[in-house]
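Please read the sequence alongside the model shown below.

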Amino acid sequence: MGRVRLGLLSIFHIIIYLNEKIIDQEEQVALRVGAARKSFGDVDVLRGIDLKILAGERVALMGPSGSGKSTLLNCICGIEPLDAGTIQVGGEDLSGLKRGELEKLRRENMGYVFQSFHLLPTLNAFENVEFAAQLVGMSKEQRSKRVTDLFEQVGLSHRMDHLPNALSGGERQRVAIARALVHHPRLVLADEPTGSLDTESGSQVLELLKSLSAELKVALLLVTHDHESTRICDRMITMKDGSLLAG
Ligand SMILES: Nc1ncnc2c1ncn2[C@@H]1O[C@H](COP(=O)(O)OP(=O)(O)OP(=O)(O)O)[C@@H](O)[C@H]1O
Ligand SMILES: [Mg+2]
């Protein structure tokens, strides 16, 4: 009797999984987070997060410091494992993947932009972006064209041979955006990308994120403390004490 029940339960879960996968393909869901929970020691940081972002949709994530925003991003990109719940990127469930498969999914489907740029200091701007393209196996010719095109799109064709420390903050962030997009990801995760920029540079970076995500149909999850940043997004969600208030 127990076995029959276990079997029925497994079939039930498989049906739900397949159903979600079909819906995700039909609706073109870029990201789906279901009942996600994460604790550090006895601190419950994510307390059951449900979130769906469609292809090309831009979503702002706001909330007080310490509410769990960066932790959610780290779990979505697979840096931190969830304690419970599911994360699917383009219909692919992260929890079912082995380490190498997870790496591949991250490399091929996601891009990141951080507050502090994270450019490699010994590579020039072009090489920083090209390196990311190399990691996903683009040929030398493909890389050269793709990186040159992107530098044009971010307005930095004249700065491609500069090392990061010879670029302004806004320029560095534009290089980081080119790097995040070089492999045609479905989803870009941006954690306070304008946090260390002045108003003018921050505004340029936001406009760039908006136009590129619209043009390339890339979904964007943008963590920000600044209401001004939300204007480039289709909707805003707020996190408080590890829960989402609106979605
Ligand atoms: N690796 C870790 N080990 C232990 N606690 C952690 C770890 N990472 C985050 N935390 C805790 O989890 C909580 C949420 O942190 P998180 O960085 O996600 O907040 P945040 O919303 O991004 O805040 P901020 O707006 O200041 O960047 C904090 O209380 C933090 O101290
Ligand atoms: Mg944070």
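Helices (H or I, at least four residues) and strands (E, at least two) are DSSP runs, numbered from the N terminus. The model is a predicted one, so local features need pLDDT of at least 70 and side-chain atom pairs count only at pLDDT 80 or more, while totals for chains, interfaces and linings use all residues. Residues are numbered from 1 along each chain as its sequence is written, and chains are lettered from A and ligands numbered from 1 in the order in which they are written.

The protein chain holds 7 helices and 10 strands. A residue is buried if 20 or more other C-beta atoms lie within 10 Å of its own, exposed if 12 or fewer, and partly exposed in between, with C-beta atoms placed from the backbone. Of the 247 residues of the protein chain, 38% count as buried. Two residues are in contact if their C-beta atoms, placed from the backbone, lie within 7 Å. Among contacts in the protein chain between residues at least 6 apart in sequence, 72% join residues at least 24 apart.

Next comes the ligand. A residue is near a molecule or strand if its C-beta atom, placed from the backbone, lies within 6 Å of it. Around ligand 1 are Phe40, Val43, Val45, Gly63, Ser65, Gly66, Ser67, Gly68, Lys69, Ser70 and Thr71. Helix 2 provides the largest share, 3 residues. For residue classes, Ala, Val, Leu, Ile, Met, Phe, Trp, Tyr, Cys and Pro count as nonpolar, Asp, Glu, Lys and Arg as charged, and the others, Gly among them, as polar. By class, the shell around ligand 1 has 3 nonpolar, 7 polar and 1 charged residues.

Now to the helices. Two packed helices are described by the angle between their axes and the distance between the axes. Axes are lines fitted to C-alpha atoms, for helices over the stretch in contact, and angles run from 0 to 180 degrees between N-to-C directions. Angles under 35 degrees count as roughly parallel, over 145 as roughly antiparallel, 65 to 115 as roughly perpendicular and the rest as oblique. A crossing is left-handed if the near helix is turned anticlockwise from the far one by less than a right angle, and right-handed if clockwise.

Helix 4 (residues 125-135) packs against helix 5 (residues 140-153) at an angle of about 130 degrees, and their axes are 10 Å apart. The two helices are therefore oblique to each other. Their crossing is right-handed. On the helix 4 side the contact involves Phe126, Val129, Glu130, Ala133 and Gln134, which meet Arg143, Arg146, Val147, Leu150 and Phe151 in helix 5. These residues divide into 6 nonpolar, 1 polar and 3 charged.

Helix 4 also packs with helix 6 (residues 169-181), at an angle of about 25 degrees and with the axes 8 Å apart. That makes helix 4 roughly parallel to helix 6. Here, too, the crossing is right-handed. Helix 4 contributes Ala125, Asn128, Val129 and Ala132 to the contact, and helix 6 contributes Val175, Ala178 and Arg179. By class they are 5 nonpolar, 1 polar and 1 charged.

Helix 6 in turn packs with helix 7 (residues 199-216) at an angle of about 15 degrees, their axes being 9 Å apart. Helix 6 and helix 7 are therefore roughly parallel to each other. In this contact, Gly169, Gly170, Gln173, Arg174, Ile177 and Leu181 of helix 6 meet Ser201, Gln204, Val205, Leu208, Leu209, Leu212 and Leu216 of helix 7. The contact residues comprise 7 nonpolar, 5 polar and 1 charged.

Arg146 is found in helix 5. With 19 other C-beta atoms within 10 Å, Arg146 is partly exposed. Leaving aside neighbours within four places in sequence, Arg146 is in contact with Ala133, Met138 and Val182. Arg146 and Val182 are 36 residues apart along the chain, and their C-alpha atoms are separated by 6.9 Å.

Two residues remain, and both concern backbone angles. Most residues other than glycine have a negative phi. His118, not a glycine, has a positive phi of about 55 degrees. His118 lies in the loop between strand 6 (110-114) and helix 4. Asp241 has a phi near 45 degrees, again a positive value in a residue other than glycine. Asp241 sits in the loop between strand 9 (235-240) and strand 10 (243-244). Asp241 counts as partly exposed, with 13 C-beta neighbours inside 10 Å.
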